[in-house]
2 protein chains.
Amino acid sequence: MKTAVIGLGLIGGSLLRALAAEGHDLTGFDADPATRELARAGGYRVADSVAEAIQDVEVTALAVPLPVLPKVLAELAGHDGLVTDVTSVKGPVRDLMVAHGVRRFVGGHPMAGKEISGFAAADPDLFAGCAWVLCLEPHDTDLDDWMTLARLFTAMGSRVVPVTASEHDTAVARISHVPHLFAATLARQLAGDPLAGALAAGSFRDGTRVAGTRAEMIAAMCGGNAEAVRTELRSLIGFLGELDALLASDDPVGAVIPPLHAAGELRRSWPPAPGEPEKMRVSIPALLELGRAGGWVTSVDHDEVVVLRPQGDRKPA
Amino acid sequence: MKTAVIGLGLIGGSLLRALAAEGHDLTGFDADPATRELARAGGYRVADSVAEAIQDVEVTALAVPLPVLPKVLAELAGHDGLVTDVTSVKGPVRDLMVAHGVRRFVGGHPMAGKEISGFAAADPDLFAGCAWVLCLEPHDTDLDDWMTLARLFTAMGSRVVPVTASEHDTAVARISHVPHLFAATLARQLAGDPLAGALAAGSFRDGTRVAGTRAEMIAAMCGGNAEAVRTELRSLIGFLGELDALLASDDPVGAVIPPLHAAGELRRSWPPAPGEPEKMRVSIPALLELGRAGGWVTSVDHDEVVVLRPQGDRKPA
């Protein structure tokens with residue numbers, strides 16, 4: 001398939017390498033001339049402009065940071081190929097696509113990353129086994145376009161998860177954006193307290209690991225998804241307040257056991273083991289039900305997909 | 001040195017093995033007959049009661065959970081040897097010792113653990129390189145007793161950190177107890193949201209790891225140190241509220257960069273690299289200054305110790 005990748009950082013570069021390994025006809029582009037040279041030196045065809053990169057292309061993957069998207073979308077004006085993206089927030093990106101008149105758009109988000117960035121860190125195996133969200137809107141998405149991308153990404157070994165943009169934004173606020181803010185909040189306690197730094201061990205190390213991510217990157221994720229992040233954040237602040245109240249009770253040890261036990265059960269049963277592969281005839285409602293149930297698509301064959309669901313989850317009759 | 005270890009779970013069992021490896025004259029005891037048999041089968045001398053275990057012993061290490069301590073202390077009545085413990089809260093334990101008339105007490109807390117427990121999991125190398133808090137109170141601790149224990153634990157490879165009970169309780173609330181509550185709070189988000197479970201990746205995995213610890217154990221740590229934990233928890237809730245307010249501003253991305261950047265700097269410079277070893281003549285004020293500066297004792301020689309401090313920290317003139 002004739003494909004263009006715009007933006008050749010860690011994610012875009014890895015996508016270029018992974019698609020090349022699948023034998024697709026590829027063109028890359030990056031705004032940075034040095035990155036273009038690096039990609040050319042790696043044997044890839046690299047255009048000198050967005051317009052040149054997307055000429056006669058069936059699928060264009062935009063792998064640029066959210067703040068750069070409007071500029072790239074202006075250069076896509078009039079393009080009638082299928083467009084996808086890889087940013088960590090999907091509602092605002094969908095609004096941008098509508099505003100820029102991009103008609104054939106399916107939002108994507110691979111749940112993969114590294115603490116290092118740039119084309120030099122790109123890895124064709126980055127997406128093997130990772131969840132790749134592909135957005136579906138009940139009255140809005142062209143199912144054939146969705147299937148085209150699902151075929152492309154499952155072939156690279158990704159688990160393709162069908163969800164609406166809004167469901168995606170809430171879920172990632174929960175499992176990625178707020179955890180980054182929690183890590184930063186814990187790390188901050190080291191300020192002016194070298195004793196704490198000397199005593200900190202495993203629980204601190206793991207609980208703060210992602211606080212070391214570039215501040216601009218965490219800010220772009222959380223600020224770009226501010227509404228969903230604030231809703232989750234306030235809910236978690238409420239629960240921390242409940243723990244504080246329980247610790248003020250006559251029997252603080254006994255009082256906090258039940259909520260800690262419930263949280264422990266949830267953690268110990270994650271990640272859920274998948275059940276047996278099932279064949280499913282595709283429709284937007286069936287795919288959205290699959291995503292909501294914690295399932296994903298593992299391969300695509302015409303109008304059928306093979307799916308996995310968490311063990312014990314039963315397909316609705 | 002004639003030493004007794006009371007309680008042969010993960011920590012007590014590991015201590016028994018580590019002290020045995022150093023050639024000490026050891027007796028163990030555990031309230032559970034099966035654990036006593038297991039330890040005997042491992043070649044250790046195991047008494048059938050606390051009283052028998054501590055007969056003519058110079059140092060007794062209490063490695064039982066906090067709720068069990070009062071029962072063991074009742075059996076120590078009249079004992080005049082040196083007593084230490086390994087529980088994760090030091091102020092309340094100090095009060096217990098006073099209440100039970102234990103005169104020669106130096107509180108301890110090795111910052112080591114595993115997610116598994118029991119004598120079978122005990123490991124003589126568990127304490128190598130770990131921070132082992134040994135409490136010192138300005139007008140209260142016998143420095144010779146403190147040095148006896150510092151010699152014992154540094155010989156096992158531990159980094160001995162001198163602090164007051166109250167400083168310890170604040171520091172562990174920060175770097176261990178509250179991180180456990182944060183992990184549980186994040187893990188709880190999986191309830192009723194299988195999609196979140198399917199998308200969760202590295203930041204969630206690490207941020208929630210310790211939520212899988214036994215609820216009774218987290219509750220004992222946090223509930224036993226409720227006052228310090230509540231103070232820290234409310235401070236962190238305040239900071240999360242500030243982040244929420246910044247995310248509500250006109251430029252949420254720009255607004256959260258400075259606090260995230262500060263937290264990231266703190267995390268990236270942790271753990272601090274130690275400077276060159278220094279010899280130090282011991283006194284309670286000098287040791288407490290060392291602990292507050294994030295330093296520790298690495299070996300003991302008569303009335304001198306060898307210490308390490310974080311690189312760049314200067315010894316006061």
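**View 1. Where chain B meets chain A.** In this predicted model, the contact (heavy atoms within 4.5 Å) draws 85 residues from chain B and 85 residues from chain A. Together the two chains bury about 7700 Å², with 72% of it on carbon and sulfur atoms; buried area is the accessible area (1.4 Å probe) that two parts lose on being put together, summed over both. On the chain B side, look for B:Leu199, B:Arg267 and B:Trp270, which lose the most area to chain A, together 10% of what that side buries.

View 2. Eight salt bridges (a side-chain nitrogen of Lys or Arg within 4 Å of a carboxyl oxygen of Asp or Glu) link chain B and chain A. One of them pairs A:Arg174 with B:Asp193, whose closest N and O atoms are 2.5 Å apart.

**View 3. A close look at A:Glu167.** Here you can find A:Glu167 in helix 7 (residues 165–187) of chain A, helices being DSSP runs (H or I, at least four residues) numbered from the N terminus. Its side chain makes a polar contact with that of A:Arg292 (2.4 Å). Beyond its neighbours within four places in sequence, A:Glu167 touches A:Leu288, A:Arg292 and B:Leu195.

**Notes.** Residues are numbered from 1 along each chain as its sequence is written, and chains are lettered from A in the order in which they are written. Local features need pLDDT of at least 70, side-chain atom pairs count only at pLDDT 80 or more, and totals for chains, interfaces and linings use all residues, while side-chain values use heavy atoms, leaving out hydrogens and water.

Terms used. Helices (H or I, at least four residues) and strands (E, at least two) are DSSP runs, numbered from the N terminus. A polar contact is a pair of N or O atoms within 3.5 Å; within protein, one must be able to donate a hydrogen and the other to accept it, and residues adjacent in sequence count only if both atoms are side-chain atoms.
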